[in-house]
Amino acid sequence: MTKQKQTIDEKSLWDDARQMLRKAEKDGVETAWDRLEQQTPHCLFCASGLSCRNCTMGPCRISKKAPLGVCGADGDVIVARNFGRFVAGGAAGHSDHGRDCIEALQAVVLGTTQDYIIKDEAKLRRLAAELGIVSEGRTVLEVGRDVCDLFFANYGSQLPQLSFLCRVPAKRREIWQNLGITPKGVDREIAEMMHRTHMGCDNDAANTMLHCARTCLADGWAGSMIATEVSDILFGTPRPRKSLANLAVIKEDQVNILVHGHNPIVSEKIVEAVNDPALIALARKKGAAGINLAGLCCTGNELMMRQGIPMAGNHLMTELAIVTGAVELIVVDYQCIMPSLVTVGNCYHTKMITTADKAKFSGAEHVKFEMHNGREQAWKVVEMAIDRFSLRNPDRVEIPQGPVALVTGFSNEFLLEALGGTLTPLIDAIKAGKIRGVVAIVGCNNPKYQQDYCNVNLARELIKKDILVLVTGCVTTAAGKAGLLVPEAIAMAGSGLQEICGSLAIPPVLHMGSCVDNARILQLAALLANELGVDISDLPLAGSSPEWYSEKAAAIGMYCVASGIYTHLGHPPNITGSELVTKLAVKGLDDLLGACFAIEPDPFKAADLIDERIRQKRQALGLAQ
Ligand code: SF4
Ligand code: MSK
């Protein structure tokens, strides 16, 4: 992590980013890196979690001189409470996205929209059967209504247990039961976290941390899992397909539209609109060669996984994509969208379009997408983009060249199919040590790091050690740009991984989706554990988020650990002000949950830490080293 002024080369690993950072400097455009510099040094009380604003007797800052807040709360309590609210924010983000997906499915099954359909009926029926909903002899709409009702019930307190706990290995459920952290309802756990952290409630740091685990489990095994499953039902379950990544996917001679955020409900309609011959003809009439759609961040992941739409960039590329001067419109839904995009857009001719009432941006134009008008609004937005093409100043256009090829779309459904309908070949490869373990590298960019240096180097190191890597979120673009998401990347892997991935013709790094799709990885971990009759924590698995920044990433880390997956982070959350909480995170949770966090900024050392953990797990299972 960098503390002083960074040179352009130190800011990012990538040529496309560096080229645009130079252009931004020339064009007088401020970026996240400039603002980080203005914000540094950061407040040490906040950075260590030792400041509290939970009531107006404060704010309070804990130090040796003043070890207690006005109410008497100590540093441990304040750090745990702050972390609790932090992960509750992340869990709320994923889970509210999940709720929006259920509402979308509900509109389809109730017939209140003609703009969306169920694309994967077989998956809906499979899920219904898994969840105990009768499917036989009933129409897909009838089954869909029951699935919606059940998923909505997962948000309150009506159910005896969350629906997808049926996927969790028995040993893991027992651990949760004994610790009192079995989640009951998504909204319930998030609301209880806000309640517990109100002044005068939960003043036992360890107890608050356990509720952090419970809240995040509700995210992973309900909010996020529902988002993933319903998105597949509505838009199709991903299968491998080829695509491209980096800023070179923006096209100089075409109308360029970028979609950004997380929920595919808006962007899927825009895919349809940009393929409408009438709109393409209109674009040609206005002097463009066509309409080009590319993705950013997780909306980009969703579209790439299901439609093969190219990926312009991850989190720190979002401002730089606009700096090309060739983007007519950036259409956003929600989460991880920097408010600065409006300002950067104003430096060129780029207009930001917001689509969700819960995520408006001052200076952007709001085109409200609802289930009944998704088609109409998508067409309107694409027409707006075509109109703006004439406003583009060709003298200010500069687009990096040379997109990188990748393969995306590795859903669990496809993996099972590729393995012949059973996990046995994968388990055999793990047992034989050809695949020594499986690691999910997930999450973000953070301008405190050289962009993607840790994401890429950790993935490279792990595959060398015969560890299969799964990627989601913004790490995907990093892996793609590094050439790790194509079958040819097996040349960079160890001999065992080369053999297995070679025989299946798959890359050694598999793209499994967006942030909410980490639920696919939880499901895969549970399938493996159930097949072997062990707990998830017994498996040679790990998670990692080397360059994370968001509340959601912290929630993901917490639900991975609580699910029994050892999880590496490049830097700690703001908890280091409490020795008790920090020790619990990096050690104590291991005793309670069979997994804990490991903090290591150096990706090479992190690879060694993960490798050692996998070695220990293999040894305990009596597997070859
Ligand atoms: Fe200070 Fe306690 Fe109020 Fe927090 S809750 S601001 S520590 S008085
Ligand atoms: S978008 S949470 S920056 S992965 Fe899911 Fe990327 Fe992290 Fe957002």
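Predicted model: local features only at pLDDT ≥ 70, side-chain atom pairs only at ≥ 80, totals over all residues.
**Exercise 1.** Cys297: is the residue buried or exposed?

*Solution.* Cys297 has a relative accessible area of 1%, so the residue is buried. Buried means under 20% relative accessible area, exposed means over 50%, and partly exposed lies in between (1.4 Å probe, protein chains only). Helices (H or I, at least four residues) and strands (E, at least two) are DSSP runs, numbered from the N terminus.

Residues are numbered from 1 along each chain as its sequence is written, chains are lettered from A and ligands numbered from 1 in the order in which they are written, and side-chain values use heavy atoms, with hydrogens and water left out.

**Exercise 2.** Describe the backbone and the surroundings of Asn246.

*Solution.* Start with phi: for Asn246 the value is near 110°, which is positive in a residue other than glycine. Then locate the residue in the loop between β3 (241–245) and β4 (255–260). Finally, check accessibility: with a relative accessible area of 7%, Asn246 is buried.

**Exercise 3.** Find where cis peptide bonds join Thr40 to Pro41 and Gly58 to Pro59.

*Solution.* For the bond between Thr40 and Pro41, omega is about 0°. Pro41 sits in the loop that runs between α3 (32–39) and α4 (44–47). For the bond between Gly58 and Pro59, omega is about 5°. Pro59 is in the loop between β1 (51–52) and β2 (60–61).

**Exercise 4.** How many disulfides does the structure hold?

*Solution.* A disulfide is a pair of cysteine sulfur atoms within 2.5 Å. The structure has 0 disulfides. Take Cys46 as an example: the closest cysteine sulfur belongs to Cys43 and is 3.7 Å away, which is too far for a bond. Cys46 has 42% relative accessibility and therefore counts as partly exposed. Cys444, by contrast, is buried, with a relative accessible area of 6%.

**Exercise 5.** Which residues are around ligand 1, and how do they divide by class?

*Solution.* First apply the cut-off: a residue is near a molecule or strand if one of its heavy atoms lies within 4 Å of it. The residues around ligand 1 include the cysteines Cys52, Cys55, Cys60 and Cys71. Asn54, Met57, Gly58, Gly69, Val70, Ile78, Arg81 and Met199 also belong to this shell. Next, sort by class: Ala, Val, Leu, Ile, Met, Phe, Trp, Tyr, Cys and Pro count as nonpolar, Asp, Glu, Lys and Arg as charged, and the others, Gly among them, as polar. The shell then has 8 nonpolar, 3 polar and 1 charged residues.

**Exercise 6.** Describe how helix α10 packs with helix α23, and then how α18 meets α22.

*Solution.* Two packed helices are described by the angle between their axes and the distance between the axes. Axes are lines fitted to C-alpha atoms, for helices over the stretch in contact, and angles run from 0 to 180 degrees between N-to-C directions.

Step 1. Helix α10 (residues 205–235) and helix α23 (residues 551–562) have axes 8 Å apart, at an angle of about 100°. The two are therefore roughly perpendicular. Angles under 35 degrees count as roughly parallel, over 145 as roughly antiparallel, 65 to 115 as roughly perpendicular and the rest as oblique.

Step 2. Contact means heavy atoms within 4.5 Å. From α10, Cys212, Ala213, Cys216, Leu217, Asp219 and Gly220 meet Ala555, Met558, Tyr559 and Ala562 of α23. This contact comprises 8 nonpolar, 1 polar and 1 charged residues.

Step 3. The axes of α18 (residues 424–431) and α22 (residues 518–532) come within 11 Å and cross at roughly 80°. This pair, too, is therefore roughly perpendicular. Thr424, Leu426, Ile427 and Lys431 of α18 make the contact with Leu528, Glu531 and Leu532 of α22. By class, these are 4 nonpolar, 1 polar and 2 charged residues.

**Exercise 7.** What does Tyr116 touch, not counting residues up to four places away in sequence?

*Solution.* Tyr116 is in the loop between α5 (75–110) and α6 (121–130). At 5% relative accessibility, the residue is buried. Its contacts are Val108, Phe235, Ile265, Lys269, Met371 and Gly374, with residues up to four places away in sequence not counted.
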